[in-house]
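Okay, everyone, thanks for coming. Let me put the structure up on the screen, and then I'll walk you through a few spots.

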Amino acid sequence: MSNVTHIEAFVRREALAALPPPPGRDAALWKTLFSSVGNAAATLLIGGVLLAAIPQLMSWAVVHGVWNGDGDACRDAGACWAFLRAKYPMILFGIYPSAERWRPILVIAVILALTLWTLPRSHWTRTTVGLWIAGTLAVLVLMGGGIFGLTPVPTSAWGGLPITLLLTVLSVGLGFPFAVMLALGRQSTMPVPRYLSIGLIEITRGLPLLSILFIASILLPLMLPEGFTIDKLARALAALTVFSAAYIAEVLRGGLQGVPTGQGEAARALGLSWFQMTRLIILPQAIRKVIPPLTSTVVVVVKNTSLVLVVGLFDLLSSGRAALVDPLWPAPYTETYIMIAATYFVICFGISRYALRLERTMPNGSST
Amino acid sequence: MDPGHNLIGGWVRDARVRSAAFQTVVAVAAIALVWWLAHNTINNLAQRGITVGFDFLGRAARFPISESVLPYSSVDTFAWAFVVGLGNTLFASALIIVLATLLGFATALARRSRNPLARGIGAAFVETMRNTPLVVQLLFWYAMVTLGLPHPHDALNPLPGVYLTDRGLYIPWPRIADFSFAMEYPTLGRFNYSGGLALTPEFTAMLVGLVFYSAAFVGEIIRGGIDAVARGQWEAGRALGLPESLVLRRIIMPQALRVIIPPMTSQYINIVKNTTLALVVGYPDIAFVTATTINQTGQAVEGILLLMIVFLVISIGGSLLMNWYNRRMALTVR
């Protein structure tokens, strides 16, 4: 122990002066901003950058911004908000026939209403699942038409926000049963389903979504029998569903691992079959545990739907880009992207805040 | 058990037999599905007169790649075009990983800072980046570079020698020639800047978009790691009289790294996968080369197979590396 002094890297020899008490919660604002030299420097730096940037931004967006008028008013001006005012139906609903525009509006309203209905924990029941299935079918009929005297609208004319929402709801809804099977398969003691599940999950998660979209849009038509065509929207949906299934399966696996083994043993001791045990005892507990991370996965799915741009579908982003192709307007890309980003932000931020609240308030929450 | 009694019923109830039967059914169904899909594919390809095989890789690609780290010209083969695309992907990924880690670290520190201004900016940055799609952000930056920046003749000049124009970014870069080493500055020619290092608008948009987006995720991982270290460690460090920066460097970060490294590895793999989205702004990465090749030759199966193999090698390689590292860390801990 004699060589201890050689190891020491830092030894303070003289005592420090007593420090003032740290600023508490009720400290004055200027104290938290200028409590030390470093802190004051940070405040000045950030403040300086903000002071330089905000007037420029305001001048572009407000002072020189064009709120009314046509394309000519926007030339050599600041932000062209008038473009968004003129084109928002195109951005939000794509090339859907304008006489039928009430249908996509109703679709958005139905999906919003279902989402709001599902938020309170007391509504997490079988009835709600039934409502979602019925609502989704109704929404599909509403978009496509052809029955109940609705004018048929082919999927190639669907566009905008309804596509983004539909792709999200359908890929999560259709992906979920697959995810349950994959997660159960991965937890199984039988080698065949186990390795099959591991393989499918890991390959899907190892690939970029873009390549899965390529597979769905280019290879899937080749893999089906001759003369059998598959809709572009369905192809993109297939890719997103596979992708969602693999990610949800991994979330569910966490939940399955969190159910104590005694639960399954007790179920078997009561004489339940494997299927009854899984459906009535294991899955309800596992799914409840992972609802907060599942909600966060929905955010990822919403963001992922924007990738269908590369396979030529008109979701919110592509419709916005299509709206920009108008020679009468000076193509205000920045403003359009800001509007699209803001729409995504409202959806995703809302869902992620909700997930955060669930995480904090749910009993035996997501603590793995 | 009476073996003679109800032989069939006994078999049906035997867990081992049932498991074997179930697994056989699953395996046969999986093989049949794969066989059916392959069969259809071969039929369809034959119908369209496309020969399956990798022979096309030896042919001349005859399409341009606008920029690349490796030398390329359109008389080179498809095989080389793939390598060039992969080189671009790996180069971009490496650069993004380094820059996103630095920016992410700064974000994490800002969000943990006592300064409310820094905290606010950090939170706003992270929430904006994480709650909007990467594709939208990439397209936004591309529009900002190509439409928001001025023409070369009235280029923005924020730092000496740095010029921001709608044709790209120009920064000074050292040139080594004949044993001499000198900084070369971009100079304005008749139409554009030359000399120094030129970044195309595509590269700039991809770099800025992916670095910002990834930095938000990296920052949250680092913040999570720092928060996972017990508060007592900070207090003990301060009680020893260590300055704040030394507490962070010598006490907190070594402990935080153990929490940070596993999610960080998957984040880095995500960055590599996300670079494929650079396709939307026209940066010629491997996905871009694959898409162009499929368009030109119709060799969809082979092209997608190559793309899949590349990414599976990267993803699985990364996971294996992380598992190995985790095992090593676990050994040294206890």
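**Chain B, then chain A**

So, let's start with how chain B is divided up: the domain assignment gives domain 1, covering 7–47, and domain 2, which is made of 78–154 + 164–173 + 200–333. Keep in mind that this is a predicted model. If you take the C-alpha centres of domain 1 and domain 2 of chain B, they sit 42 Å apart.

Next, the sheet. Chain B has an open sheet of three strands, in the order 1-2-7, and the pairing is antiparallel. On the edges you've got strand 1 (163–165) and strand 7 (197–199) of chain B, each of them pairing on one side only. Going from one strand to the next, the twist averages 15 degrees.

Let me zoom in on one of those pairings. Strand 1 of chain B runs antiparallel to strand 2, residues 168–171, and three bridges link the two. So who does B:Leu164 pair up with in strand 2 of chain B? The bridge partner there is B:Leu169.

Okay, over to chain A. There's a nonpolar patch on the surface, formed by A:Ile54, A:Met58, A:Val62 and A:Val63. Together those residues have about 370 Å² of accessible area.

Let's pick one of them, A:Val63, which is in helix 3 of chain A, residues 37–63. Is A:Val63 buried or exposed? It counts as exposed, because its relative accessibility is 62% and the cut-off for exposed is over 50%.

That's my tour; happy to go back to any of those views.

Methods. Residues numbered from 1 in each chain as written. Chains lettered and ligands numbered in written order. Predicted model: local features only at pLDDT ≥ 70, side-chain atom pairs only at ≥ 80, totals over all residues. Heavy atoms only, no water. Pairing = 2+ DSSP bridges. Helix = DSSP H or I, 4+ residues; strand = E, 2+ residues; numbered from the N terminus. Axes fitted to C-alpha atoms, helices over the stretch in contact; angles between N-to-C directions. Domains from an automatic or database assignment. Patch = residues over 30% accessible without salt bridge, like charges linked within 9 Å, V, L, I, M, F, W, Y side chains within 5 Å. Areas by Shrake-Rupley, 256 points an atom, 1.4 Å probe, with all protein chains shown as cover. Salt bridge = Lys/Arg side-chain N within 4 Å of Asp/Glu carboxyl O. Buried < 20%, exposed > 50% of the residue type's maximum accessible area, 1.4 Å probe, protein only.
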